[in-house]
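Q: I have a sequence and a structure to look at. Please show me how to read them step by step.

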Amino acid sequence: MKIYNKKGFFSGVLWTAAGAFCLYRDIVDSADFLPQQIKSVVISLLCLAIGLTSLIRAFSKSSTREDRIEEMDERNRLVRLKTNSLTLNILGYLQLAGMIIGILGFAFTESEVYGFLFLFAGLSITVTAVISFIATVWYEKHL
Amino acid sequence: MKTKVKELRLAAGMTQQQLANLVRVSSRTIISLEKEQYSPSLMLAYRLAQVFHTTVEDLCCLEENKRLEDEKYENL
């Protein structure tokens with residue numbers, strides 16, 4: 001048997017291994033609480049199903065072709081770009097909100113929790129800005 | 001962007017999946033093109049034009065789309 005989609009194969013192996021391991025733990029070290037046990041088994045079976053589907057598709061030439069077309073499809077790439085951009089924008093607003101809440105909270109309560117929130121949000125804004133600057137320079141040069 | 005993809009595909013008696021396979025994109029891309037929600041890249045437009053034995057200019061109604069875009073800019 002030939003592996004046509006190596007990435008899909010490895011992801012399939014990982015999902016199958018994770019699913020099988022969780023299922024084994026659900027059966028051997030099962031919790032006494034039945035609803036929790038059922039939920040855990042369902043999640044494990046889902047992991048196993050995802051893994052086995054990926055494995056089967058990795059060995060099929062036509063499925064691999066379909067997967068590649070889906071991956072390289074120009075609309076899908078645009079959707080991915082727009083999704084990432086929107087996610088980053090929303091994260092930016094959340095970081096800003098975190099910083100404002102942190103600084104206001106610290107000013108009014110002097111609680112360390114707000115101080116850490118301000119520091120963490122501020123640090124993540126700085127890191128995002130630096131990465132964004134480097135990415136802009138790179139794309140300005142290469143596009 | 002307005003295109004003649006649906007019109008030409010139906011005239012050729014093709015399904016969206018068949019056309020998608022011919023131009024190597026997903027069927028969702030063809031659906032979006034036909035709904036005028038997505039503008040194809042130059043290469044995809046060229047591939048589609050080749051399938052339907054027409055030109056990119058005709059397939060993508062470039063003259064009409066340019067006129068509509070010009071009107072939009074004039075109204076700014």
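**Reading two chains**

A: Begin with burial in chain B: of its 76 residues, 24% are buried. Keep in mind that this is a predicted model.

Q: What counts as buried?

A: A residue is buried if 20 or more other C-beta atoms lie within 10 Å of its own. In chain B, 24% of the residues are buried.

Q: How many helices and strands does chain B have?

A: Chain B has 6 helices and 0 strands. Its pattern along the sequence therefore reads α-α-α-α-α-α.

Q: What box do the C-alpha atoms of chain B fill?

A: Along the principal axes, the box is roughly 40 × 25 × 20 Å.

Q: How do I read the contacts inside chain B?

A: Look at how far apart the partners are in sequence. Taking contacts between residues at least 6 apart, 50% join residues at least 24 apart.

Q: Which domains does the assignment give for chain A?

A: Domain 1 covers 6-72 and domain 2 covers 74-142. The C-alpha centres of these two domains of chain A lie 33 Å apart.

Q: How is the size of an interface often given?

A: It is often given as the accessible area lost when the parts come together. Here we count residues instead: the contact takes 6 residues from chain A and 9 residues from chain B.

Q: Which helices of chain A supply at least two residues each to the side that touches chain B?

A: Helix H3 (61-72) and helix H4 (74-109) of chain A do. The largest share, 3 residues, comes from H4(A). By type, the residues on this side of chain A are 1 nonpolar, 1 polar and 4 charged.

How values were computed:
Residues numbered from 1 in each chain as written. Chains lettered and ligands numbered in written order. Predicted model: local features only at pLDDT ≥ 70, side-chain atom pairs only at ≥ 80, totals over all residues. Contact = placed C-beta atoms within 7 Å. Helix = DSSP H or I, 4+ residues; strand = E, 2+ residues; numbered from the N terminus. Nonpolar A, V, L, I, M, F, W, Y, C, P; charged D, E, K, R; others polar. Buried ≥ 20, exposed ≤ 12 C-beta atoms within 10 Å, placed from the backbone. Domains from an automatic or database assignment.
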